[in-house]
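Thank you all for making the time this morning.

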Amino acid sequence: MPLLAFETSCDETSAAVVSNGRVLSSIVSSQVKLHAEYGGVVPELAAREHIRNLLPVATEALREAECPIGEVSALAATAGPGLPSALMVGLKAAQALAFSLRKPFVALHHHEAHLYSPWISGSPPRAHFEDFEPNVSLIVSGGHTMLVHVTDTQTHLVLGGTLDDAAGECFDKVGKLLGLPYPAGPEVDRLAKKGKADAFDFPRPMLTDSGHDFSFSGLKTSIRYFVRDRPGLLDDSQALCDLCASVQAAIVEVLVAKTIRAARQRSVGCITASGGVTCNSALRRALSLEAAHQGFRLHIAEPRFCTDNAAMIGVLAEHRLGCGVEGSSLDEDIRPSWPLE
Ligand code: KG4
Ligand code: ZN
């Protein structure tokens with residue numbers, strides 16, 4: 001029976017229809033161009049854009065899934081964490097639909113949905129929860145860098161997180177210092193392919209620290225001084241590519257080494273990864289190589305499910321209902337700062 005899910009926690013308006021673990025449609029309308037001129041997401045603009053986009057996006061998701069609204073059997077939406085006014089749009093729309101259709105409603109934690117997005121794969125995409133096994137999961141996006149021990153499909157232990165900037169934020173801020181447009185992560189990735197990763201030696205913050213936390217603001221600062229002390233460096237296009245490759249190598253080395261170490265310490269056989277930064281080609285390659293080398297099974301979310309999307313909300317909500325978990329209240333409010341545990 002089809003479930004309609006919404007995700008509006010930040011700057012992507014997304015709707016998806018899922019049924020029996022299959023993603024029948026997944027529509028994402030990104031606001032990235034709207035926020036680019038401000039160099040970051042402007043919460044009030046994001047919320048207004050969600051209001052404008054949600055109905056067309058939901059209509060498109062239903063059309064693509066060939067599912068009339070009357071056939072929807074359940075609704076789901078992200079309740080948090082995220083931007084309050086942005087969360088409000090998707091959550092309240094899903095609750096209103098659930099009320100009028102008299103169907104169950106599920107409010108989900110955004111990061112919890114990211115934890116399960118690596119299990120969605122194939123064409124057409126399906127959630128392979130039958131393959132689920134305890135894992136250590138890296139969630140790495142513009143707002144978060146977290147390592148989580150997922151012991152079963154309902155239990156999560158946060159091992160560590162960032163003490164300052166998230167990895168995606170670091171990509172974006174470093175890119176800005178290098179004169180690249182927001183969000184700079186994909187552009188750094190693109191330019192790095194033409195550069196040498198060992199051209200410049202940047203710090204690997206907290207690489208040898210025995211804990212599971214991250215810190216990326218020092219790396220950003222060291223690049224600021226590096227560029228400041230070399231006037232004209234950025235006018236050299238090869239140097240720019242070398243800089244991108246070297247910064248990317250520093251971020252990727254820390255993410256991969258700490259993820260592998262956490263997996264070994266927690267004695268799991270499986271590693272998963274998700275979030276926008278997981279689109280990074282060097283991270284995907286390094287994590288794949290190192291996981292294979294160390295004997296871990298690896299599930300990295302497919303790029304279309306790495307960034308924020310309603311499909312991951314939909315498959316997890318359906319799984320929850322299938323496990324007999326009761327739906328959420330239609331009065332449930334947004335939870336902008338909702339701890340994962
Ligand atoms: O998960 P996401 O879409 O949104 C949230 O932050 O929740 O992640 C966006 C982040 C941005 O910081 C963006 O620069 C980064 O993911 N990103 C990348 C790449 N693609 C997206 N960073 C590095 N390389 C990429 N290819
Ligand atoms: Zn996200």
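Let me begin with what is meant by a domain here: the domain bounds come from an automatic or database domain assignment. On that basis the protein is divided into domain 1, which takes in residues 3–125 + 305–322, and domain 2, which covers 132–301. The centres of domain 1 and domain 2, taken over C-alpha atoms, are separated by 26 Å.

Before going further, a word on what you are looking at: this is a predicted model, in which local features need pLDDT of at least 70 and side-chain atom pairs count only at pLDDT 80 or more, while totals for chains, interfaces and linings use all residues. Residues are numbered from 1 along each chain as its sequence is written, chains are lettered from A and ligands numbered from 1 in the order in which they are written, and side-chain values use heavy atoms, with hydrogens and water left out.

If we take contact to mean heavy atoms within 4.5 Å, then 19 residues from domain 1 and 27 residues from domain 2 take part. The size of an interface is often given as the accessible area lost when the parts come together. Buried area, then, is the accessible area, with a 1.4 Å probe, that two parts lose on being put together, summed over both, and between domain 1 and domain 2 it comes to about 1800 Å², with carbon and sulfur atoms giving 70% of it. On the domain 1 side, Leu115, Trp119 and Cys306 lose the most area to domain 2, and together they make up 36% of what that side buries. How many salt bridges are there between domain 1 and domain 2? With a salt bridge taken as a side-chain nitrogen of Lys or Arg within 4 Å of a carboxyl oxygen of Asp or Glu, the count is zero.

Why are histidine 110 and histidine 114 separated by about one helical turn? It is because they are four residues apart in helix α4, residues 110–116. Helices (H or I, at least four residues) and strands (E, at least two) are DSSP runs, numbered from the N terminus. Both histidine 110 and histidine 114 are buried, where buried means under 20% relative accessible area, exposed over 50%, and partly exposed in between (1.4 Å probe, protein chains only).

Finally, some details of the backbone. A cis peptide bond, with omega about 0°, joins serine 123 and proline 124, and proline 124 is placed in the loop between β6 (120–121) and β7 (126–127). The bond from tyrosine 182 to proline 183 is also cis, with omega near -10°, and proline 183 lies in the loop between α5 (167–177) and α6 (185–192). Glutamate 66, although not a glycine, has a positive phi of about 55°; this residue sits in the loop between α2 (43–64) and β4 (74–80), and at 70% relative accessibility glutamate 66 counts as exposed.
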